[in-house]
Amino acid sequence: EGTAKILDYFAKNYGEESEEPYDLALTKTHASVTFKKGKKTITPGSDVLYDGDKIKVTAEADEGYDLTTLTVNGTAIESGDTVTVSGSLTVVATGTIQSFDLSATATNATVTVTKGGNAVTPGENALNYGDEITISAEADQDYELTALTVNGEDFTSGSKITVTDDVVIVATGTAPSNDSEPES
């Protein structure tokens with residue numbers, strides 16, 4: 001028995017593996033994944049893992065996406081979890097595009113938001129990360145547009161923005177002042 005342990009030790013540590021290596025497969029969509037065995041980065045492929053290896057799996061969604069799926073052999077894990085190898089691993093990481101709310105408040109005015117020439121209705125999750133939208137405001141009849149802000153910043157009607165967060169629009173129309181002197 002002592003000789004078997006010594007031979008197994010030399011086989012594991014000096015190049016002659018005493019076990020079959022396992023595969024590491026990765027499917028990723030809008031995400032990046034790294035695999036670490038100690039300080040060593042493991043690249044997915046055939047015959048890269050061995051029984052008992054402890055692999056740290058770290059996943060991150062691409063910009064504008066949320067990590068919605070991270071599984072190892074069909075079981076959900078959290079980014080940063082460590083997996084103990086007992087066979088081949090199939091890792092799936094999926095990022096889903098972020099959605100943002102659109103709100104528009106108009107006083108004596110009308111706000112129009114378009115994306116690709118189509119009207120966008122304000123509401124929860126009305127916009128996605130990276131959408132390019134055009135924001136326009138027009139005062140109601142007998143009013144002048146005196147304020148238009150997007151996310152608290154002054155905005156020029158008819159301009160475009162690229163969505164990276166919720167969009168809050170406020171437009172205000174004010175009755176024009178009458179500068180003429182009252183008749184006496």
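Q: In what order do the four strands of the open sheet come?
A: The order is E12-E11-E14-E17, with antiparallel pairing. Strands are DSSP runs of E with at least two residues, numbered from the N terminus, and two strands pair if DSSP finds at least two bridges between them. This is a predicted model, in which local features need pLDDT of at least 70, side-chain atom pairs count only at pLDDT 80 or more, and totals for chains, interfaces and linings use all residues. Residues are numbered from 1 along each chain as its sequence is written, and side-chain values use heavy atoms, without hydrogens and water.

Q: How many bridges join E14 to E17?
A: Four bridges join strand E14 (residues 132-139) to E17, and the two run antiparallel. Glu 132 stands opposite Thr 162 in E17.

Q: New topic: how many salt bridges does the count come to?
A: The count comes to three, where a salt bridge is a side-chain nitrogen of Lys or Arg within 4 Å of a carboxyl oxygen of Asp or Glu.

Q: What does Lys 160 form a salt bridge with?
A: Its partner is Glu 132, and the closest N and O atoms are 3.8 Å apart. The pair links strand E17 to strand E14, 28 residues apart.

Q: And Lys 37, what is its partner?
A: Lys 37 forms a salt bridge with Asp 53, at 3.1 Å between the closest N and O atoms.

Q: Is Asp 53 buried or exposed?
A: Asp 53 is buried, with a relative accessible area of 9%; buried means under 20%, exposed over 50% and partly exposed in between (1.4 Å probe, protein chains only). Lys 37 is partly exposed, at 36%.
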